[in-house]
Amino acid sequence: MFEIILQAILSGITVGSIYGLIGLGFNIIYNASYIINFAQGEFVMLGGMIAATTFNVFKINPIYTLIISTTIVTLIGALIERMAIQPVRHADVSVLVIITIGASIFIRGISMLIWGKDPYILPPFTSSEPIIIKNAAINPQSLWIIGTTIVVVIFLQFFFKKTITGKAMRAVADNKKAASLMGIKIERILLISFGFSGALGSIAGIIITPITLTTYDIGIIFGLKGFSAAILGGIGNSFGALIGGLLLGILECLAAALVSSGYKDAVAFLILLLVLFIKPSGILGKGLIEKV
Amino acid sequence: MKKCMVLMIAILLCLTPFATAQQKVIKIGATLAVTGVASTLGDPEKKTLEMLTEELNSKGGVKGWKIEMIIYDNEGDPTKAVTTLKRLITKDGVKAVIGPSRTPDALAMIPVIEETKIPMLALVAGAPVVHPVKKWVFSTAQPNDIVIEKIASYLKDRRMNRVAIIYSADAFGEDGYKVLKNVAPKYGLELVAVESFQSKDTDMTTQLSKIKVQNPHAVLCWAVGPPTVIVMKNFKQLGMDKTMKLIQSHGVANKKIFQLAGEAGEGVLLPSGKILIAEQLSDRDPQKAALVKYKKDYESRFKEPVSTFGGHAYDAFWMLVKALERTDTDNPERLRDEIEKNTVNFYGTGGVFTYSPTDHNGLKAKDLVMIEWRNGDWRLIE
């Protein structure tokens, strides 16, 4: 029994850090505009797909692969903002959220035409020999994911709290009019936030593909789980996304180990609902105060 | 210009009566999942039918009959399967139908088939399609019960009697689990662990570690697509490959899947029709000649590895053509009777088919082989 629980926790950390890393992508756009970008899962898929193509087909060095793929997805993120969000930027946030859903369906369709329905994979960054701890195993690639997530969390905390652009983003989210009166170019801030979250999605996609594989439609489930992680931890809070992701992943795996693998998602989401009943703003979220 | 047109029409008018007088044409319809979720099934099926039709017609057809093959894409969607079927029957006037590619599509099409009384050769494996027997419906794919019986007898022969299963929570996986539960006691197998996962899950180590502590001899994985790769990788990651065998279903008899699994795929077993290892069969095997020819034709023409799915279309096509050859009519009812009565020991890619009024699948467990993935290719084991 001990072995199973230990394995469940290790597996939970692996999937949880994946959810957390994806969840972080939601926070950037949210912090700049209060928009939930439902195409975030598709950014992750694109990152993995483009990297797998450049690496497997064109046999390009992994470092270049990472740069190429991240650049392309950043541009796609920016392009979506220019083509779909910018023309209707004065619309209500809920309208913009629905537009991102449209964008996600569009990206998925195009990806299916380009890559077909076959799964793709990338080799693990370092050895593929698992690390064994008391009969339970963890994949070295998981350590890469956890490490990257922590680095990104620290970077984002610094970015939003200390840099001018980060502060400007938060200002725009809080009050567009006031921010623009202060001389912040709102269009540019939105553009940067979409490009930035595209880049982050792409990096996430590249790092997790060696474990999860990637297909044209994997963005749906990644988007959903990443979003849950961000909400559970408190949306907008980078550290929260990490905590939320890990919690969700570990809950899922413990549910599979102790209850039944058939009910694992149900159990995990039930607990997510309970947490949100008690604290609607998420574990680390600060309640949004709306001044009337 | 006008003169030219008149001339052309005149020539056409002269030609048509001759053409129909000399050549009898039978229209055969196919509705397949060429694109969409099951494109890995429908695509090789379509290619196979086109290749065979072309080949047969270029040889002058069979008994003076030319085949006109009309293929529609139903995208693996039951509604579209029914629409295209109705179009084939009422508008195109086909006399027999090949397809569809997926069980749910077939189930949706059956009422139309029974009403219009057109024989259908389905390329699907779902038990409800041919159990109980439907008068107008035949199937050329191996259903789960035959496949699992093959695995069970393989395990029994090797005294590997502790078995576990991990399956995806969908129609295919759940059917596999149900069949195994029924079949296991007959072969003296003990089912020691049962685990499932969602078809989009990205990690199965938790479920596999629960299986591992039960120490089975063999673990069956009943699923299709990317999760099967993750199961293979996790299986190896937990070191389970050292003490037990992983057996995948016939649904992953696909080189691409194993190439993705890399090292983790080494030594994994699976049951399959004989087409994948055609060259490795003994020369005495009566299926060998046809299998090798189909494999070579397909691979040289389409530059991709042959699959069992294209093989199902191959079998359906030839059964129909044989019936046409013997009856020399395109009457749907007589074709159906002929297929049912005189498809006896038909050497197909899926096995040796013998249809009867009580069996519209016609395959036995012995028609399958167990194969192993080794050094980037299939190896025949039994």
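Residues are numbered from 1 along each chain as written, and chains are lettered from A and ligands numbered from 1 in written order. Local features need pLDDT of at least 70, side-chain atom pairs count only at pLDDT 80 or more, and totals for chains, interfaces and linings use all residues.

**Confidence.** The predictor gives the complex an ipTM of 0.85 and a pTM of 0.82. Over residues 17–21 of chain B, pLDDT stays under 50. Where pLDDT is low, the predicted coordinates should not be read in detail.

**Helix α3(A).** Helices are DSSP runs (H or I, at least four residues), and strands are E runs of at least two, numbered from the N terminus. Helix α3 of chain A covers residues 62–85. Its buried residues (20 or more other C-beta atoms within 10 Å of their own, placed from the backbone) include Thr65(A), Val73(A) and Ile80(A). The buried residues pack against α2, α4 and α8 of chain A.

**The interface.** Two residues are in contact if their C-beta atoms, placed from the backbone, lie within 7 Å. By that rule, 23 residues of chain B touch 27 residues of chain A. These elements of chain B each give two or more residues to the side that touches chain A:

| Element | Residues |
|---|---|
| β7(B) | 190–197 |
| α8(B) | 205–212 |
| α9(B) | 226–237 |
| α10(B) | 255–261 |

The largest share, 5 residues, comes from α8(B).

Note on methods. Expected span 1.5 Å × (residues − 1). Buried ≥ 20, exposed ≤ 12 C-beta atoms within 10 Å, placed from the backbone. pLDDT = per-residue confidence, 0-100.
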